[in-house]
Amino acid sequence: MAIRKIAKMGHPVLRRPARPVSDPTAPEIRALVADMVETMEDANGAGLAAPQIHEDLRLVIFHVPAERASDQPDDRPEPLTVLINPVVEPLTEERELGLEGCLSVPGFVGAVPRFTKIRYSGYGLDGERVEREASGFHARVVQHECDHLDGILYPQRMEDLSLFGYVEEVRRALEERGDAQRVEEAAD
Ligand code: NI
């Protein structure tokens, strides 16, 4: 296991679609996931996509920490999930704004519109198919991570760039409005 270097916005590996994983059960995929977990935990992220550590593969990891979960039935805390060759399908037209950060865009946060309810599927390291429905933070983190596999970073999803800023400035602005907890909701 090793902590890997994280690619930053502007690097070509973050701008192109990643390649499908041919065998989710391959030992090198297991080793890559171990590095991703260590890198994500070191950086205190909620998720990580393989291209963020310079691996051009359709593979993401994420978790839903208890403090970010809501009382919605499909937004409960989730332990670490490995999702290989994921597919995301919106279950509603409804989107909501929420703050996101990204380990590849350090120091910034932005308010990003995301579908409020999705279904996602993919494969685990055991080769078993995973299929779940998600809402709230759970849906947001999955959409954020899977966008990385298509070369999309969250600022590209923003419709109002006046809601993009340095973490400390956004936190201060929200605190002045009595809305401090929202900045802690940022995703990976
Ligand atoms: Ni990210």
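H138 lies in helix α2; helices (H or I, at least four residues) and strands (E, at least two) are DSSP runs, numbered from the N terminus. The model is predicted, local features need pLDDT of at least 70, side-chain atom pairs count only at pLDDT 80 or more, and totals for chains, interfaces and linings use all residues. Residues are numbered from 1 along each chain as its sequence is written, and side-chain values use heavy atoms, with hydrogens and water left out.

With a relative accessible area of 1%, H138 is buried (under 20%; exposed is over 50% and partly exposed in between, for a 1.4 Å probe and protein chains only). Beyond its neighbours within four places in sequence, H138 is in contact with F62, V64, D74, D75, E78, Y120, R132 and E133, contact meaning heavy atoms within 4.5 Å. Of these, F62 is 76 residues away in sequence, with a C-alpha to C-alpha distance of 9.0 Å.

The sheet comes next. Three strands form an open sheet in the order β4-β5-β8, paired antiparallel; two strands pair if DSSP finds at least two bridges between them. β4 (95-100) and β8 (164-166) are at the edges with a single partner strand each, so one side of each has no neighbour in the sheet. From one strand to the next, the twist averages 25 degrees.

Helix α2 (residues 136-148) packs on this sheet, touching β4 and β5, and its direction makes about 105 degrees with that of β5. Axes are lines fitted to C-alpha atoms, for helices over the stretch in contact, and angles run from 0 to 180 degrees between N-to-C directions. Helix α3 (residues 167-176) lies across β4, β5 and β8, at about 105 degrees to β8.
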